Amino acid sequence: MTDRYFQEELDRLESAGNYRRLMPAEHSGCDVVIGGRRMLDLSSNDYLGLAADIGLRKEFMAGLSPENFQMSSSSSRSLSGDFPVHEQVERQLAAMFGREAALVFNSGYHMNIGILPAIAGKDTLIVADKLVHASLIDGIRLSGAPFCRFRHNNTEHLEAVLSREYGKYRQIIIVVESVYSMDGDRADLERICRLKDIYDNVSVYVDEAHAFGVMGEIGLGLAEELNCLADIDYICGTFGKALGSVGGFIVCSATVRKYLINRMRPFIFSTALPPLNWMWTSWLLDRLPAMKPLRSHLASVSAVLRDALVSYGLEMPSDTHIVPVITGESSRAVSLAGRLQDKGFFVLPVRPPTVPEGSSRLRLSLTANMSPDRIESLIKVLEDEMQLADKK
């Protein structure tokens, strides 16, 4: 009976073009091999190409020994799983961001479903951008705090909400991403911080998941690029994208760090990441400021692709390395993704519930190890596909 219900739901998803399958892949540089086909990987978040860099891995592994090659923490950090390297990484982060403290989590998802429920309750209003991603939405719901959404990147609407709700709650937390994962557009962090300063009980929570490593002089994200690091109360990010490692983090005050250690359930009740992963993260953080050439190259090839798509008449909300090709219907996104894969470009359709109904798309995710020639080849294929679509 239960399986029949599940199968009916799966059939419904498939008929609507929203069914997902796992595809085991072999990775080779910026390429991926799936089902015997070698394709340019346009679905990875390895924005700087660090996870695919074998040279980096060899250099890091040269410093390992049986004594420091620890593959498990075997406990939560609040028990016996707090290793010296854990504190080392958090000191590194705090120093890089110029903040009092930092705290690292097992993943970006753990980060967002844990921080907001810890710091917000029924006396808190959370005001979130309409397009914040799933982990933030889940964290907001788990917090039990009242919340409302403001229109995407519409700071006038945000200002109206703050003006209306100020004085009704102990605190108001504005929740945004710095770079939005589906459209590749940026939040107006400068304006948001100015709005925050008008009210004495408003704080700002920024998830830099898709900007950390990629933006800013030393790669700290959009807030660094805009020189507003000191104006943001909770700066969060992930290591599993541009940094090529694993885990999520927050940089904050020393008081907030202590509070999260005591109140954040995913932190308290999870076995810590293995020390080996923390060593890799620390090693990469040391090198992040010197990776400016990678950031510049990524910005360059991304601009070339965006400009080409705009010249074909496509709407382009992005001004970053995440480049959407919006098709509307799920079936069109699935069909176009299949044709691109046939021509050597691994891109997947993004469909509801990840994006709203009627806004299915291809999400072209560029990385710094892609050559200009590969991008030009992609542009030519996309041009041919669009001309074909116009004739139908």
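**Chat about a predicted model**

Trainee: Which residues of helix α9 (residues 254-263) are buried?

Mentor: The buried residues of α9 are V256, R257 and L260. Keep in mind that this is a predicted model.

Trainee: Okay, and how do those sit around the axis of α9?

Mentor: They span an arc of only 100° around the axis, so they lie on the same side of α9. As background, an α-helix has 3.6 residues a turn, so residues three or four places apart point the same way.

Trainee: What's exposed on the other side of α9?

Mentor: T255, K258 and N262 are exposed over there.

Trainee: And what covers the buried residues of α9?

Mentor: The cover includes three strands, β4 (101-105), β9 (234-238) and β10 (248-252). It also includes the helices α3 (84-97) and α4 (108-119).

Trainee: Since α4 came up, at what angle do α4 and α5 pack?

Mentor: The angle between α4 and helix α5 (residues 134-143) is about 30°, and their axes are 7 Å apart. Angles under 35 degrees count as roughly parallel, and α4 and α5 are therefore roughly parallel to each other.

Trainee: Is the crossing of α4 and α5 left-handed or right-handed?

Mentor: α4 and α5 cross in a right-handed way.

Trainee: Which residues make that contact?

Mentor: From α4 you get G108, Y109, N112, I113, L116 and P117. α5 brings in S135, L136, D138, G139, I140, L142 and S143. By class, the contact of α4 with α5 has seven nonpolar residues, five polar and one charged.

Trainee: Another pair, then. How do α2 and α11 pack?

Mentor: Helix α2 (residues 54-61) meets helix α11 (residues 275-287) at an angle of about 115°, with the axes 11 Å apart. Angles of 65 to 115 degrees count as roughly perpendicular, and α2 and α11 are therefore roughly perpendicular to each other. The crossing of α2 past α11 is right-handed.

Trainee: Who's touching whom between α2 and α11?

Mentor: L56, R57, E59 and F60 are the α2 residues in the contact. On α11, the contact residues are L276, M279, W280, W283, L284 and R287. Sorted by class, the contact of α2 with α11 has seven nonpolar residues, three charged and no polar.

Trainee: What about S74, what's its phi?

Mentor: S74 has a positive phi of about 65°, although it is not a glycine. S74 belongs to the loop between α2 and α3. Its relative accessibility is 61%, so S74 counts as exposed.

Trainee: And what is phi for N153?

Mentor: Phi of N153 is near 55°, again a positive value in a residue other than glycine. You'll find N153 in the loop between β6 (147-150) and α6 (155-165).

Trainee: How exposed is N153?

Mentor: N153 has a relative accessible area of 29%, so it is partly exposed.

Trainee: Last one: where is P24?

Mentor: P24 is in the loop between α1 (2-15) and β1 (26-28). With 74% relative accessibility, P24 counts as exposed.

Trainee: What does P24 touch, leaving out residues up to four places away in sequence?

Mentor: P24 touches V33 and I34. The C-alpha atoms of P24 and I34 are separated by 6.6 Å, and these two residues are 10 residues apart along the chain.

Conventions. Residues are numbered from 1 along each chain as its sequence is written. This is a predicted model: local features need pLDDT of at least 70, side-chain atom pairs count only at pLDDT 80 or more; totals for chains, interfaces and linings use all residues. Side-chain values use heavy atoms; hydrogens and water are left out. Axes are lines fitted to C-alpha atoms, for helices over the stretch in contact, and angles run from 0 to 180 degrees between N-to-C directions. Helices (H or I, at least four residues) and strands (E, at least two) are DSSP runs, numbered from the N terminus. Angles under 35 degrees count as roughly parallel, over 145 as roughly antiparallel, 65 to 115 as roughly perpendicular and the rest as oblique. A crossing is left-handed if the near helix is turned anticlockwise from the far one by less than a right angle, and right-handed if clockwise. Contact means heavy atoms within 4.5 Å. Ala, Val, Leu, Ile, Met, Phe, Trp, Tyr, Cys and Pro count as nonpolar, Asp, Glu, Lys and Arg as charged, and the others, Gly among them, as polar. Buried means under 20% relative accessible area, exposed over 50%, partly exposed in between (1.4 Å probe, protein chains only). The arc is that of the directions from the helix axis to the C-beta atoms.
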